[in-house]
Amino acid sequence: MTSVHPPVLVVGAGPVGLVAALTLLQNGIPVRIIDEDHHPRIGQRGVGTWPRSLEVYNFLDVSEVNSLGKSPPPLRSYKPGTLEPLKDSSMDPHMEPSPAIPFHGLKLMGQQLLDVILRRHLEKFSCSVEMGTKLCSFEQCDEGVTAILAKNGISETFDTKWIIGADGAKSVVRKQLGLTFLGETRDDIRIVTGDIRLTSVGLDKVHWHRFGNFNERGLSLRATDEIAEDGWQFFLYGRELDLTKIAESEELVFETIALLIPTEITFEKVVWMSDFRANIRMVNKFSEGRVFVAGDAAHPMGGQGLNSGVQDAFNLGWKLALVQKGLANKSLLETYSAERLPVISEMLEVTTSMLDKATASGDWSAGRSPVLCMLGINCRFSTIVLDEFVSSVERKPINAYGVLDEGHLEAGDRAPDAPNMLQVGGAELNTTTLFGLYRPWYHTMLVFAPSLADATSILGALEAYDKSVVRSAVVLPSSASVTPVPSPDLVLVDREGYAYSAYLVEAGQTKVFVIRPDGVIGAIVHGTEGVKKYFSKIFLDA
């Protein structure tokens with residue numbers, strides 16, 4: 001009996017690997033996902049999910065990250081040696097809510113719970129993580145990749161078409177590809193972090209408590225019921241502490257916390273802990289042949305590393321799916337590295353600057369800005385985006401990791417949302433959001449036009465493309481008739497003007513936006529010719 005091997009092997013089943021697998025499965029591509037650990041990882045670890053990643057989970061229909069994630073509590077610091085509050089501050093950079101931004105704040109969810117949620121979504125596709133399975137080596141040729149795997153001491157040869165390495169800082173995939181992991185490890189910045197169970201007199205659960213300071217000795221404690229009713233995530237830091245020693249002893253963790261909090265504490269146990277050093281590193285490229293890495297950036301602070309990795313995987317997933325289906329040329333995969341490397345490089349610069357400000361001031365929240373929300377990340381410089389409304393003369397230097405500017409929109413930017421869109425193309429009237437249309441397995445062509453008649457010829461251009469990977473919607477201004485119209489295409493009336501405002505379209509204008517499967521604007525064009533030109537960069541024979 002011959003078994004048909006899944007065409008993609010994902011190595012590493014943290015959030016990055018799970019998102020890569022889920023994106024491919026939603027695209028109809030079978031996946032095998034393995035992890036070297038014998039049991040799912042425990043621990044809060046990287047807890048922050050920023051707005052752009054919340055949008056990614058929304059497109060993947062993983063709504064639990066937003067619904068179950070908690071907003072960060074206010075950060076409370078205390079006068080030295082007392083429980084007398086010194087000041088309250090926010091870990092979440094302030095951002096005004098806007099119809100174009102449905103998720104405008106940081107959400108906290110431990111990686112342990114996030115993994116469980118993502119695994120459940122994989123199971124809907126009859127895909128489960130194979131634990132205790134190690135990638136030993138691989139060899140690739142023009143036709144595919146042969147991987148040597150090991151489980152319980154038994155070796156297996158596995159033939160596949162592609163490998164995605166999401167196997168973290170000690171990545172076997174990265175090392176075997178010979179990719180460099182450029183950067184530095186800052187030995188002056190060390191933290192012991194973990195999950196602990198304790199009860200304390202005078203410590204409420206509505207604040208994120210901070211005692212001491214970064215330069216001498218300090219402690220940060222955040223209550224979380226994901227661990228237990230008496231669960232807390234802790235961070236110990238400071239140059240006066242022997243953090244290497246503390247990381248090896250539950251007893252020393254108890255002692256150090258007891259010294260830093262001037263109140264009675266009953267310790268239950270340390271559930272999990274790890275010694276963290278500030279790493280500022282990135283790969284020199286994200287792929288070689290048929291093998292890719294995702295999430296291979298170590299960052300100093302700001303919770304950007306895991307979020308960037310998830311966004312790496314989401315960028316790669318739709319492109320790999322189109323190539324595997326035979327709908328796109330293999331050269332499309334080169335844009336993965338080209339689009340993500342500038343983002344990661346700039347992210348490291350920004351977070352390193354934040355780290356320097358935090359250590360100089362002793363204040364963890366120093367230097368935090370809306371750039372952390374990751375909504376200004378773009379690939380305007382990509383060879384596969386097309387903008388007929390921006391001349392090459394107007395193009396600015398690459399600023400891939402910018403701050404969102406809602407008054408400016410170009411191809412390569414994140415596509416904005418718009419709520420309360422009235423759907424008039426069917427038998428009955430429904431309301432939807434633009435984000436409700438965008439999904440990881442197809443492009444969405446939005447035709448902003450004064451009337452349905454103005455959009456007809458542009459819609460005709462889509463007949464040449466595979467309906468499973470390209471969809472369309474006409475967006476009419478608020479003044480348009482809301483009576484149901486017979487149309488094979490989705491017709492929306494922008495009743496409140498949110499879409500026209502977010503996409504910077506004037507009421508009498510005809511303007512076409514092609515939204516990529518990763519929620520990025522692939523093209524902003526005048527009409528049919530522009531649509532064809534954009535898709536010629538994506539699809540074979542387009």
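In which loop is Asn 420 found? I traced Asn 420 to the loop between β21 (401–402) and β22 (421–423). A caution to myself before going on: this is a predicted model.

**Entry: two asparagines with positive phi**

I checked the backbone of Asn 420 and found phi near 55 degrees, a positive value in a residue other than glycine. Its relative accessibility is 32%, so I put Asn 420 down as partly exposed. I then turned to Asn 152, in the loop between β8 (145–151) and β9 (154–160). Phi of Asn 152 is near 50 degrees, again positive in a residue that is not glycine. Asn 152 counts as exposed, at 62% relative accessibility.

**Entry: the sheet**

I followed the strand order of an open sheet of eight strands and wrote it as β20-β28-β27-β24-β25-β26-β22-β23, with mixed pairing. The edge strands are β20 (386–387) and β23 (430–432), each of which pairs on one side only. Helix α12 (residues 528–536) packs on this sheet, and I saw it touch β20, β24 (443–448), β25, β27 (511–515) and β28 (521–525). The direction of α12 makes about 150 degrees with that of β28.

Next I looked at β25 and its partners. β24 and β25 run parallel and are joined by six bridges. β25 (residues 470–476) also pairs in the parallel sense with β26 (residues 490–493), over four bridges. Val 474 turned up in both pairings: it is the bridge partner of Val 447, and it stands opposite Val 491 in β26. Is β25 buried or exposed? Six of its seven residues are buried, so I noted β25 as largely enclosed by the rest of the structure.

**Entry: helices α4 and α8**

The buried residues of α4 are Gln 111, Leu 114, Asp 115, Ile 117, Leu 118, Arg 119, His 121 and Leu 122. I found these packing against α1 (15–26), β2 (31–34), α2 (51–59), α3 (64–68) and α8 (304–324).

Just after α8, Gly 326 takes a positive phi of about 80 degrees.

**Entry: Asp 195**

I picked out Asp 195 in strand β11 (residues 181–200). Asp 195 is buried, with a relative accessible area of 2%. Setting aside neighbours within four places in sequence, I listed its contacts as Gly 43, Gln 44, Ile 227, Trp 232, Gln 233, Phe 234, Val 270, Val 271 and Trp 272. I also noted Ala 228, which is 33 residues from Asp 195 in sequence and 9.7 Å from it in space, C-alpha to C-alpha.

Last, I visited the second largest pocket, with about 540 Å³ of space. Of the 29 residues that line this pocket, the closest to its centre are Arg 380, Asp 405, His 408, Leu 409 and Asp 413. The elements giving two or more residues to its lining are β19 (376–377) and α11 (498–502). α11 gives the most, with three residues.

Key: Residues are numbered from 1 along each chain as its sequence is written. This is a predicted model: local features need pLDDT of at least 70, side-chain atom pairs count only at pLDDT 80 or more; totals for chains, interfaces and linings use all residues. Side-chain values use heavy atoms; hydrogens and water are left out. Buried means under 20% relative accessible area, exposed over 50%, partly exposed in between (1.4 Å probe, protein chains only). Contact means heavy atoms within 4.5 Å. Two strands pair if DSSP finds at least two bridges between them. Axes are lines fitted to C-alpha atoms, for helices over the stretch in contact, and angles run from 0 to 180 degrees between N-to-C directions. On a 1 Å grid over the protein atoms alone, a cavity is a set of points where a 1.4 Å probe fits but cannot get out, and a pocket is an open set with protein on both sides within 12 Å along at least five of seven lines; lining residues have an atom within 4 Å of a point. Grid points are joined across faces, edges and corners, and a volume is the space filled by probe spheres set on the points.
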